[in-house]
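Here is a short walk through a protein model with two chains.

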Number of protein chains: 2
Amino acid sequence: MKLDLHGGLLALEKGGTLREVQVAYETWGERRGNNVVYVCHALTGDSHVTGRLADGSQVEGWWENYVGPGKPIDTDRYFIVCSNILGGCMGTTGPASTDPETGRAYGVDFPEITLRDITEVQRRLLTQLGVDHAYAVVGGSLGAMNTLQWAVSHPGFVDKVICIAGTKSLSAMNLAFDVVGREMILRDPGWSGGHYHGTERRPDNGLAVARMLAHITYLSEKAMERKFGREEKTVAPATIFHTAFQVESYLHHQGSKFVDRFDANSYLYITKAMDEFDITAGIRPPHRVFEPSTADFLVVGLSSDWLFPPDESREIAEILLRAGKNVTFCEIDCEHGHDAFLMENPHLMALLSTFLEGHDSRHPEPVATVSGDAASRALAARTEAVIQTLLPAQGRIIDLGCGTGDLLHTYSEASDSDAQGIDIDVANVLECNRRQIPVFQTDLDEGLSMIPDDFYDVAVLSSTLQQVVRPHAVVREMLRVAKRGIVSFPNMAHWHNRLQLFLFGRVPVSPALAHTWYDTPNLHFLSLSDFTAFCRSEGIRVKAAHALGYGLISSILTAIGLKNIGGDVVVVEIERP
Amino acid sequence: MKLDLHGGLLALEKGGTLREVQVAYETWGERRGNNVVYVCHALTGDSHVTGRLADGSQVEGWWENYVGPGKPIDTDRYFIVCSNILGGCMGTTGPASTDPETGRAYGVDFPEITLRDITEVQRRLLTQLGVDHAYAVVGGSLGAMNTLQWAVSHPGFVDKVICIAGTKSLSAMNLAFDVVGREMILRDPGWSGGHYHGTERRPDNGLAVARMLAHITYLSEKAMERKFGREEKTVAPATIFHTAFQVESYLHHQGSKFVDRFDANSYLYITKAMDEFDITAGIRPPHRVFEPSTADFLVVGLSSDWLFPPDESREIAEILLRAGKNVTFCEIDCEHGHDAFLMENPHLMALLSTFLEGHDSRHPEPVATVSGDAASRALAARTEAVIQTLLPAQGRIIDLGCGTGDLLHTYSEASDSDAQGIDIDVANVLECNRRQIPVFQTDLDEGLSMIPDDFYDVAVLSSTLQQVVRPHAVVREMLRVAKRGIVSFPNMAHWHNRLQLFLFGRVPVSPALAHTWYDTPNLHFLSLSDFTAFCRSEGIRVKAAHALGYGLISSILTAIGLKNIGGDVVVVEIERP
């Protein structure tokens, strides 16, 4: 489709202009209310995400695993749009397109472009399609940066942003690989100063080797090792400087396939735009760039991605959290490196599906994961009920070690307060996501540096204190991000525990401490007295302590105030002085 | 020096021959008894390791930080030799040398070479220098592979092998980078089919870009981020496809500097030899390749090295361990990536110095690191003494969690048995190394897969069981690698602990459990009864239990057999049934 420029020019961020802009796009599904999902493609992608082409032919799309009927981005449910990006060579105007002023290919006379320009063209396309609001925008890699640009350039346009394996700006190493890739093309005599279009010469050698290099960075070391190892082909290598290793012939194949479908100048323009992308550049503090956005965010990092490491996704999520956005961050375990977002990954599929819809239509509800026997479960339920009564009717709550989000789920349903979860376990993040509870996946022992001081009204640490490595530091962080804290833990000094050690010389096993010494997930053991003594020494105010005992004796003991004897579990309200 | 080929040809592993071999070498220090240290250089290194050149000029050597007077490889103490490798371009015969048959440069008529050929030339050089036995051979990167080849090709030639940041064979990813690097050169029209020597043309573009790429792989992501980040230069970039980022101008500088000093064909030949190096190829089981070697080994991995990841060094060490060698493995913490072995690193310096000499002349003896008060220390000393009495007069002993090696040190001095330590902490590895105790740095929770079944006579697990995450699995592994085990741990059921919990409702703190609940390194708490019950359920035979009490009451209680009441610490002898 030709963009309607209303007789004018498309002005670009770096000062250039374009008189004509052609956009190649495809759509899937039907428009029904607020159901537009815009998909952003990666560096060398195109508009063909999935299914048949317009001419009816079946050509494999680049995201077949994720987009289609019944798939996480469900073509039966959403109206999905994807277009080739500006500067590309798959139908949208780019350096290989004809310059209307000269009648020849632009070549290096094509103006410099940025992610903002790329996004602007996408928005104009949607406008021309009659779309003035999108339900979601989603993308991986360069597409992830594209989604962030959407949130910043058009802050009210979209409800949900899904940003997979991206970065707020490329790292020095990532820049360096791009520099070397471009250099290969620029030093290829076939590049001919960039004006090779329409001549016999092409920088095929440079482009092929740049692609070979890029392919290494898209895979993880482990994935390459498993795919190729040091396996050899039986055919003799071409020269003594070629090896028989399969990895070599694989790379050659990737390189030569690529020069048939991609234009070297597009590669130069787009990688340069990617390198110069820096979504928080010049903004202090950085998170202010996202403040106007009305979207909820899902940010996903891939564990084995070393080109856009998961920590760069985490950094995006941290900035969004500081901007006060609802943000779910998850680092997904995978072995395939950066390219993993293109492959079938059950966790990524579930995350996308549930973030978009609030439930995963292809997976049944998970079985409740509460472990332990009836007594343990009863104690856990009572603990949660006590904590619920201690939460304010309204306010900002964070649950540190939120598990599957039971507490926050009940709380959010009863109030319209903001609730954020923190958990280390992917399975828990998935379940919270299903329940529409924003959850930030991290290890509490790493600290909460992504949360500003006093960001929350209350911080909850329920049945978690005893499982962290540095409880001391975790409590300190907890009372930094919120003035009030609620802590629950199993009480080692419960009478039954005391007797087990005293009379039988055995380390206690009880409803609240339900594991034997060698398979317990608890790293620390403490009593109510230990904890209050700790608070005293730290200058933390203990506002109240609540003891929950299992069985008649315990109940009587707690009722008469012997909390450190009767309490199987204790709930302590603490406050920064 | 010209190698004396005794009128014949140098036959190469792949079938080629050389009629003349020139070797460029340098030496430092004086020969005194068994003090020859041969240093192997890396891919693009040369014979100039340190100090002045023969003509008296001061040119910085590539390993100044490690070789020199008073340095870890001490020129005042050792007679050090380094030569440029075969196929190189720094004085030793290579593809740029003149072929005596044609009077022209070999170019690609130079025969294919291997690490075995490279090592053979080094050995012949030493022979011509009158050296028929070396004290040590040391190298990093390609130099590390070179040291392994020394151990295999000349198993009795050397006493100590130091292998830093190497691999037994390149990973698929490492191969892939080499493939792409070579491809850049081969596709450069200036390469001219390899016969550019003596012509106007040179593959400078290809070689420069190959070097730019290689430079990325030598640094860690973190190091690049810290060195360059996204800092920009103020000078305007050359074209719109060049960025202002400092990392770009740094890489350009590295590339153009390199073409002035290195020959593209040498790069092709040597990287190919490196790619094809596989020290255990065709040997089953792989460790048999090292069985003939009489050397002790120090294998060092660098934490941030992603080109030769530390796990590949660990793999070398594991193979050596299986071959029955004395091997110390240490993964050194560093941020600089692969290149870190060239930089000043106090841990690496201490390791080299102490592995070579048994003490670190530049550092004072470390202060004893035993923590705790007098009571704790007294208990620890008594525990160790009890364990000593339980060890056999002769045999193979492994101490799991050996700490600074106190137990093995005393044991080795009293017997001539083999002793191997395992510890997770670098500081402990350094101290064991200083005491000449071979120690393999690893996390016990990762298992002991590098040790075959029944490899040791006795395995000791002293004051460690309570600090591992999976004690269950660790005990199982322990009794796999040795039929007999000796386990010591603090006894939670000591009377004093019982009373603290029973009477005061506090989690015990005692001489054996010297930490408060929140700062204890112990992850598990157990009593003697807990442990014996565990052994029963696992089918492990408890041969004997010894209790050590602190103070009069405890001593009386243990003396009358109330071990689970009187013992602050218990020592349990277990055996696989």
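## Domains and overall build

In this predicted model, the C-alpha centres of domain 2 and domain 3 of chain A lie 54 Å apart. Where do these domains run along the chain? Chain A is divided into domain 1 (25-83 + 133-169 + 277-357), domain 2 (174-274) and domain 3 (374-575). As you can see from those bounds, domain 1 is put together from three separate stretches of the chain, while domain 2 and domain 3 each have one.

Now zoom out to the whole of chain A. Its C-alpha trace spans about 95 × 60 × 45 Å along the principal axes. Inside that span you'll find 17 helices and 18 strands. Of the 577 residues of chain A, 56% count as buried. Take the contacts in chain A between residues at least 6 apart in sequence: 67% of them join residues at least 24 apart.

## A look at one helix

Let's pick helix 11 of chain A, which covers residues 406-414. Which of its residues are buried? They are A:D406, A:L407, A:L408 and A:Y411. And what do they pack against? Their partners in chain A are helix 10 (374-390), strand 12 (396-400), strand 13 (418-423) and strand 15 (456-462).

First, a bit of background. Most residues other than glycine have a negative phi, and most peptide bonds are trans. Here are two peptide bonds that go the other way.

| Peptide bond | Form | Omega |
|---|---|---|
| A:R284 to A:P285 | cis | near -10 degrees |
| B:R284 to B:P285 | cis | near -15 degrees |

To find them, look in the loops. A:P285 sits in the loop between helix 7 (264-276) and strand 10 (296-302) of chain A. In chain B, B:P285 is in the loop between helix 7 (264-276) and strand 10 (296-302).

What about phi? B:A165 isn't a glycine, yet its phi is positive, near 50 degrees. You'll spot B:A165 in the loop between strand 9 (158-164) and helix 3 (172-186) of chain B. Is B:A165 buried or exposed? It has 31 C-beta neighbours inside 10 Å, so B:A165 counts as buried.

B:Q436 is another non-glycine with a positive phi, this time about 65 degrees. Look for B:Q436 in the loop between helix 12 (426-434) and strand 14 (439-441) of chain B. B:Q436 counts as partly exposed because it has 17 C-beta neighbours inside 10 Å.

## How the two chains meet

Two copies of a chain are related by a rotation about an axis and a shift along it. Here, a rotation of 180 degrees with 0.0 Å of shift along its axis puts chain B onto chain A, with an RMSD of 0.0 Å. That is the relation of a two-fold axis. In chain B, the C-alpha nearest the axis belongs to B:L523, 2.4 Å away from it.

How many residues take part in the contact? Chain B supplies 61 residues and chain A supplies 61 residues. On the side of chain B that touches chain A, helix 3 of chain B gives the most, with 11 residues. Sorted by class, that side of chain B has 35 nonpolar, 11 polar and 15 charged residues. Why do we say that the copies meet through the same surface? Because 100% of the interface residues of chain B are also interface residues in chain A.

Methods. Residues numbered from 1 in each chain as written. Chains lettered and ligands numbered in written order. Predicted model: local features only at pLDDT ≥ 70, side-chain atom pairs only at ≥ 80, totals over all residues. Helix = DSSP H or I, 4+ residues; strand = E, 2+ residues; numbered from the N terminus. Buried ≥ 20, exposed ≤ 12 C-beta atoms within 10 Å, placed from the backbone. Contact = placed C-beta atoms within 7 Å. Domains from an automatic or database assignment. Least-squares fit on C-alpha atoms with pLDDT ≥ 70 in both. Nonpolar A, V, L, I, M, F, W, Y, C, P; charged D, E, K, R; others polar.
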